[in-house]
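Try each task before you read its solution.

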Amino acid sequence: MIWINALLQGILLGGLYALFAAGLSLIFGVMRLVNIAHGDLIVLAAYLGLSTTIVLGLHPLLAMIIVIPLMALLGYILQRGILNQTLGDDLLPPLLVTFGLSVIIQNALLEGYSADPQKMNVGALETASLSLGSLSLGVLPLLTFAIAVAVIGSLHWMFYHTALGRAFRAVSDNQDIAQLMGLNKRHVFGIAMALSLAITGIAGILLGVRTNFDPSIGGARLIFGFEAVIIGGLGNLWGTLAGGVILGVAQTIGAQINPGWQLLAGHLAFLIVLAVRPRGLFPRMTG
Amino acid sequence: MPEPLLSTSQLCAWYGDFQALFDLDLMINEGEIVAIIGANGAGKTTLMHSIAGLSINKPHQVIYRGRQIGALRADQVAFEGIALVPEGRQLFASLTVEENLVIGAQTGRKGDWQLPTVYQLFPILQERRTTPATELSGGQQQMVAIGRALMANPDLILLDEISLGLAPVIIKTIYAALPGIVEGGMSAMIVEQDISKALAVSSRFYCLQEGRVALEGQSQTVQRDAISRAYFGVQK
């Protein structure tokens, strides 16, 4: 029974990892930009949530109403102001610039919030659980997973059924020809980054209510996000959810065997997938 | 004489580090079909890209309806009413046939060209509307590329090598559609390797050679050997 429990907890944890990964996957898909600062942006969102709850006295989950638009705005400005200038045939400039951004965000958070671990308090919700026979599932992890499924489902729907999604796919296919259609790629990229950071806003808050956070933990969230994307297969959103779940399950099973093996097991699962299926389990579907 | 729809003046353009166009002056009137002919590397595609905004020039080098558009980006030029059917079709692989057509209407310009009219022009596209665009045959892809440009309801359509790599019977079908396209008053600039085809459908032509206009004139009355000389640059 403890194994089934570990499996279920891992699946639910995978929802959070999928949320870390969805924003990464989106902007890589649309503009081939690898955002090294993604993890730190998640942490930034958590701190924004923290400030919102303190200043406005809002429940952390309600703080999303403030944090999501703020992060989206930041994303659009960041893309139009800085990142668009780095995009081109060379993959290195955006890597270097987002790496620099990552350092800046970490240090700014350290300066503003100190290195003390913080946590957002959601009261009774934190310990609430549903019993399933002898298993019990936390309400918060269940909620996180449900949000992840909803976010990825809406992203997928948006990609294949709306004008914006059509524009994303067109720009991803061929930037020049998309321009000929009257699409300003700089604006489309700005929207994509805004969407990516809006999801980061959700992920950051859910991270902040689940565990302690401090300015230095962004790097590990970035790695989890990357691993989920690669396991699932680049450019496939449902694959990203699957990737997050596989990573989460590997971690909780690993921790069940030996508490020290949690991260190791996750990385091993990632390496095995990379060795056996270098393009991921579900590489980009057509249509 | 009325003001031309579009003209270039002293247009110089580069293809990478290589200068492809030298002080090019040409123009097209409203409702006119103009052919651009010339050997490979003569600068035909660079000319198309300069007009469409895929390569940026000085503002005054391209004049459209009295406005300087030489420095506009491609998306801004699209809103002005110029559409390019690019060489090699260049359809969006992740989009279905219908999505490729619909995205052509992105500028929101009003006009007769909408999905039903494009499907009327190329009925095969309606049958295959849900297919990923790049799974079609070359000829059908070319129809999508032309339809996509038409969906923008442009005033000027630039057709770059629309017969390239297609079977003669397909080329015939596509060229047969041309009169129906321009009868609504649309102007067209056609780049074509097949000189007789180009001259047959156009009223005037420009022959480019190494980035300069080597010969221009009326398509119906031009002497063949004059074209040969301008085309290959041989002196008699």
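**Exercise 1.** In this predicted model, work out how helix 10 of chain A and helix 11 of chain A are oriented to each other.

*Solution.* Start with the axes: those of helix 10 (residues 237–257) and helix 11 (residues 262–276) of chain A come within 7 Å and cross at roughly 140°. Angles over 145 degrees would count as roughly antiparallel, and 65 to 115 as roughly perpendicular. Helix 10 and helix 11 of chain A are therefore oblique to each other. Now look at the handedness: helix 10 of chain A passes helix 11 of chain A in a right-handed crossing. Among the residues making the contact are Ile246(A) and Ala250(A) of helix 10 of chain A, and Leu263(A) and Phe270(A) of helix 11 of chain A. Finally, sort the residues of this contact: 10 are nonpolar, 4 polar and none charged.

**Exercise 2.** Check the span of helix 5 of chain A against its number of residues, then find what covers its buried residues.

*Solution.* Helix 5 (residues 139–161) of chain A has 23 residues, so at 1.5 Å a residue it should span 33 Å. Its end C-alpha atoms are 32 Å apart, which agrees. Next, pick out the buried residues of this helix, including Phe145(A), Val151(A) and Leu155(A). Their cover includes helix 1 (2–31), strand 2 (135–138), helix 8 (185–210) and helix 10 of chain A.

**Exercise 3.** Which helix of chain B gives the most to the side that touches chain A?

*Solution.* Begin with the counts: 20 residues of chain B are in contact with 16 residues of chain A. Helix 2 (74–80) and helix 3 (97–104) of chain B each supply at least two residues of chain B's side. Helix 2 of chain B gives the most, with 4 residues.

Key: Residues numbered from 1 in each chain as written. Chains lettered and ligands numbered in written order. Predicted model: local features only at pLDDT ≥ 70, side-chain atom pairs only at ≥ 80, totals over all residues. Axes fitted to C-alpha atoms, helices over the stretch in contact; angles between N-to-C directions. Parallel < 35°, antiparallel > 145°, perpendicular 65-115°, else oblique. Left-handed = near helix turned anticlockwise from the far one by under 90°. Contact = placed C-beta atoms within 7 Å. Nonpolar A, V, L, I, M, F, W, Y, C, P; charged D, E, K, R; others polar. Expected span 1.5 Å × (residues − 1). Buried ≥ 20, exposed ≤ 12 C-beta atoms within 10 Å, placed from the backbone.
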